[in-house]
Amino acid sequence: MYDLIIIGSGPAGLSAAIYGKRAGLDLLVLEKDSMSGGQVLNTYEVDNYLGMPGMDGFDMGTKFREHADRLGVEFRETAVKAIQDEGSRKKVCTDSGDLEAKAVILATGAVHARLGVAGEERLMGKGVSYCATCDGAFFRGKAVAVVGGGDVALEDAVYLARTCEKVYLIHRRDELRGQYVLQQALKSMPNVEFLYSHVVEEIQGEEAVEGICIRNLKTDQSSLLSVAGIFVAVGIRPGTELVRELTACDEGGYVIAGEDCATEVPGLFVAGDVRKKPLRQIVTAVADGANAAVSAGAYCRKM
Ligand code: NAP
């Protein structure tokens, strides 16, 4: 039986592994693909991680992994099918058999919902973004579009409108879903244009985003909008399916756990984008990983 099994090898999982290993825990990291690495590997440039300005996302993810390798962290490539709470031991059922540990840290991250339109996949990281606070600075003085009508879309639009020349908010209905205060804040910004009842049909550009094709659902007319970036904010899907029956989650599926990353199930911890919290960034994922490993270590020592 391991002391600790960490599920996920993004920044949260790797940070947990480093802290756990240095605390002398016998631990194993499970990843669904070799070098899964999390969202950071697909990030074009990370410019908001302390001490690493302008960092290539792939290089950053690789550095995180090398750090864990250097400490001798054991990785296993396998898909986790279930986690069973058997009190003082947790059973982790995988494609390649069952494993046991005193404690488990779930660090399976989250994925941003996609629009599913032509050009989105190809231009991801080249003007197509899912995170305004991560990538907004690259579009200073330029025109951008934000898609969605929820809180994230409205917050992103407010954030971008402070530095971008123009922000188009594109929403598929004629009524916004997000909070009234955010709507009011946005409506007071002169460089924001609301395009209600519009959908994005295609994202265009050769090497980078140059424009988007949008359609007015009321008139069925399509038109071209010249933008350098498009921020997709049509929902987030946390990877919490494995624990939804075990512990409390909020309405969005995020696991409820405090700064110590402990869930209501003794021995089950969560770290990174799966946890309910106000800011989901690499830096907060890494912090969660450290906190979760320290909490898991304290839990193991008490047993
Ligand atoms: P959300 O509230 O589910 O909103 C998603 C938006 O995307 C909706 O307006 C939806 O349109 C639209 N949408 C969904 N699929 C689409 C598609 N295929 N094409 C075009 N539009 C599409 O998600 P979220 O904004 O990411 O927020 C997630 C959760 O975090 C929410 O519960 C939110 O309240 C919370 N949150 C809270 C705060 C805060 O309290 N400060 C900040 C951020 C997030 P419809 O409206 O037509 O369904």
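## Aromatic rings

The model holds 4 aromatic pairs, counting rings of Phe, Tyr and Trp (its six-membered ring) whose centres lie within 6.5 Å; planes under 30 degrees apart are called stacked, over 60 edge-to-face, and the rest tilted. One of these pairs joins phenylalanine 194 and tyrosine 196, which are stacked with 5.7 Å centre to centre and 15° between the planes. Phenylalanine 194 is partly exposed at 21% relative accessibility, and tyrosine 196 is partly exposed at 27%. Here, buried means under 20% relative accessible area, exposed means over 50%, and partly exposed lies in between (1.4 Å probe, protein chains only).

Before going further, please note that this is a predicted model, in which local features need pLDDT of at least 70, side-chain atom pairs count only at pLDDT 80 or more, and totals for chains, interfaces and linings use all residues. Residues are numbered from 1 along each chain as its sequence is written, and side-chain values use heavy atoms, with hydrogens and water left out.

## Charges over rings

Two arginines are worth a look in the viewer. The charged end of arginine 65 sits over the ring of phenylalanine 75, 3.6 Å from the ring centre. Arginine 280 lies over the face of tyrosine 254, at 3.7 Å from the centre of that ring. The rule asks for NZ of Lys or CZ of Arg within 6 Å of the ring centre and within 35 degrees of the ring normal.

You will find serine 9 in the loop between β1 (2–7) and α1 (11–22); helices (H or I, at least four residues) and strands (E, at least two) are DSSP runs, numbered from the N terminus. Serine 9 is buried, with a relative accessible area of 3%. Its side chain makes a polar contact of 2.8 Å with the side chain of glutamate 31. Such a contact is a pair of N or O atoms within 3.5 Å; within protein, one must be able to donate a hydrogen and the other to accept it, and residues adjacent in sequence count only if both atoms are side-chain atoms.

## A parallel sheet

An open sheet of 5 strands runs in the order β10-β17-β11-β12-β13, with parallel pairing. At its edges are β10 (128–129) and β13 (192–195), each pairing on one side only. Two strands pair if DSSP finds at least two bridges between them.

Strand β11 (residues 143–147) pairs with strand β12 (residues 166–170) in the parallel sense over 5 bridges. Within this pairing, alanine 145 stands opposite tyrosine 168 in β12.

## Cysteines

The whole structure has 1 disulfide, defined as a pair of cysteine sulfur atoms within 2.5 Å. Cysteine 131 and cysteine 134 form this bond, with their sulfur atoms 2.1 Å apart. The torsion about their S-S bond is about 70°, so the disulfide is right-handed. Cysteine 131 is buried at 15% relative accessibility, whereas cysteine 134 is partly exposed at 23%.

What keeps cysteine 164 from a bond with cysteine 131? The sulfur of cysteine 131 is the closest cysteine sulfur, but at 13 Å it is too far away. Cysteine 164 is buried, with a relative accessible area of 5%. Cysteine 261 is in no disulfide either, as the nearest cysteine sulfur, that of cysteine 249, is 14 Å away. Cysteine 261 is buried, at 0% relative accessibility.

In helix α5 (residues 180–187), Leu182, Gln183 and Leu186 are buried. These residues lie on the same side of α5 because they cover an arc of only 100° around the axis, taken from the directions from the helix axis to the C-beta atoms. The face turned away from the buried side of α5 carries the exposed residues Tyr180 and Val181.
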